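Have the sequence and the 3D view open while you read.

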Amino acid sequence: MKRLLPFLFLGTTVFAQKAPISNRTTYQPPVFADQNRLQKIQAAFPIVERMFRERAEKAHYPGLAYGIVLDGKLVYAGGIGLANVEKKTPATAKSVFRIASMTKSITAMAILKLRDEGKIRLDEPVATYVPALKTLTPLTADAPTITVRHCMTHAAGFPEDNPWGDRQLADSDAELAKLIGSGLSLSNPPGITFEYSNLGFALLGQIITNVSGKPYQQYITETILKPLGMNDTHWEYTKAPADRLAPGYRWLNNSWVFEPSLHDAGSWGAMGGLMTTIEDFSKYVTLHLDAWPARNESEKGPVKRSSIREMQQPWNFVALNAQARTVGSAPCPLTVGYGYGLNWTKDCRDRVAVGHSGGLPGFGSQWRILPEYGLGVISFANLTYAGTGGVNAAVLDTLIAIGGLKPRQLPVSPILALRKNQLVGLLPDWKGAEASGIFAENFFPDQSADLRRKQVQELYTKVGRIVRVSELVPENQLRGYFLLEGERGKINVFFTLTPENPGLIQQLDFQEVLQK
């Protein structure tokens, strides 16, 4: 039997690398392999505009503003219909819409900023920072204390409060204190289930105020919004430019009815009080996309990239939708989680999406990003509880399909490349394998060299002479696979390295690739 590609290794001795490898200096972040990404999706822009227009017309939105973010820039934006029905003001990317619960992730970001400064601990009781909660009686005797993290992930045990919570924006700090002091009702013990709570985020606003020594609106504006250049983002609607402000409406009896907006009186805005423009909010979306991938370059944003990535992780399970479908109606199960003020989903295509919707009397909105694609979409409407999430999802699918966009590709780490070459040099007879120094201490005790040799040689007999070794496909810095392509078939070779430095091969699997 012929040795695998002997001409590649003739006269070569395989040595293990002994010197430790610096993780930081060898790390290579994943990159986009496809070029001209913007050009590729521009063909979809007229289709995107039509999709938003059809949604607005079907759902009777007075006005709709939208934007597409790609690779750190707002690359396409527009408006449909009227921002102000009475004044006949067109909706544009500069129109100011209230974004409701899209505010929540910004509040969560402020909490993390204070955490990173050592001023807050996420697993500390909320009562540490809002003393009035110390009198709250737990639902059960064995219930844990409500923590800051519980509030950030809708796991505090407060009841779902969307209809009621939406009407609290005009409440003062004194009114919130009175509410807490009079006793709060709980629906679940903390930490065991997801239940959407505006009250939980109102409490986070109080934490920011108490810890920073400034009203949370001021702290968030000074430390997040202004550094991002979000100068057209406001808490109080009377502070927004009147000529660009989009009032809210309801659709009743086949006509739009003005929906009065609530003022920002202080206590509840942290859960849904912000108003902004597509142009302004795209800067915040860019911040979230720029957190990826993890890399060595210096920090540029107002909050650490690692903290933003932490926000985007599924900290609390929400649901499994086994009946979900793609925009094209193909079955595609979807799992849903909640991060810190952010929804998280992962579907059957392995696509992770992060974002949040917003809904208040007079308004509906949503933003969604696909971090591994560097792509995001934003849409605002001035109709009560306008649901724009469906059209946003369809737009993202359309952009990916028409542009042929691919997720970032992880380069092969130096240690993976080295171990692959060393491994290939030993196949198929495993001569000198035990003395090569490239295998971990568990490797041969788990399966002897004789058994491994027999397995590989049997596979070689099936697939014939090896004519090509494919490029290694990394799954991370220390795990990957490649193909041995024979005259009559292929062998998949998977291996993973130990946490030692340098990493050694601890697992190695060979499997025939069945021909279709």
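Q: What makes a contact a salt bridge, and how many does a search of the whole structure find?
A: A salt bridge is a side-chain nitrogen of Lys or Arg within 4 Å of a carboxyl oxygen of Asp or Glu. By that test, a search of the whole structure finds 26 salt bridges.

Q: What kind of model is this, and how are residues numbered and side chains treated?
A: This is a predicted model, where local features need pLDDT of at least 70 and side-chain atom pairs count only at pLDDT 80 or more, while totals for chains, interfaces and linings use all residues. Residues are numbered from 1 along each chain as its sequence is written, and side-chain values use heavy atoms, with hydrogens and water left out.

Q: How do you know that Glu279 and Lys94 form a salt bridge?
A: Their side chains meet with N to O at 2.9 Å, and the cut-off is within 4 Å, so the pair counts. The two come from distant parts of the chain, 185 residues apart: Glu279 is in helix α12 (residues 278-290), and Lys94 is in the loop between β3 (89-90) and β4 (97-98). Those element names come from DSSP runs, numbered from the N terminus: helices are H or I with at least four residues, and strands are E with at least two.

Q: Why are Glu279 and Lys94 called partly exposed?
A: Buried means under 20% relative accessible area, exposed means over 50%, and partly exposed is in between (1.4 Å probe, protein chains only). Glu279 has 31% and Lys94 has 43%, so both fall in the partly exposed range.

Q: Why is strand β16 described as largely enclosed?
A: Six of the eight residues of β16 (residues 479-486) are buried, so the rest of the structure largely encloses this strand.

Q: What makes β16 a partner of β14, β15 and β17?
A: Two strands pair if DSSP finds at least two bridges between them. Strand β14 (residues 466-469) has three bridges to β16, strand β15 (residues 473-476) also has three, and strand β17 (residues 490-497) has seven. So each pairing passes the test, and each is antiparallel.

Q: Which residues stand opposite each other in these pairings, and what links the hairpins?
A: Val469 faces Leu484 in β16, Asn476 has Arg479 of β16 as its bridge partner, and Leu483 stands opposite Asn492 in β17. Two residues lie between β15 and β16 in their hairpin, and three residues join β16 to β17 in another.

Q: How do you know that β11 and β12 pair?
A: Seven bridges join strand β11 (residues 352-360) to strand β12 (residues 363-370), and the test asks for at least two, so they pair. In this antiparallel pair, Val354 stands opposite Ile369.

Q: What makes β3 and β8 edge strands?
A: They belong to an open sheet of nine strands in the order β3-β2-β1-β13-β12-β11-β10-β9-β8, with antiparallel pairing. β3 and β8 (316-321) are the edges, as each pairs on one side only.

Q: Why is His150 called buried, and what does this residue touch?
A: His150 has 14% relative accessibility, and the limit is under 20%, so the residue counts as buried. His150 sits in helix α6 (residues 148-152). Contact means heavy atoms within 4.5 Å, and His150 touches Thr145, Ala155, Ala156, Pro190 and Gly191, not counting residues up to four places away in sequence.
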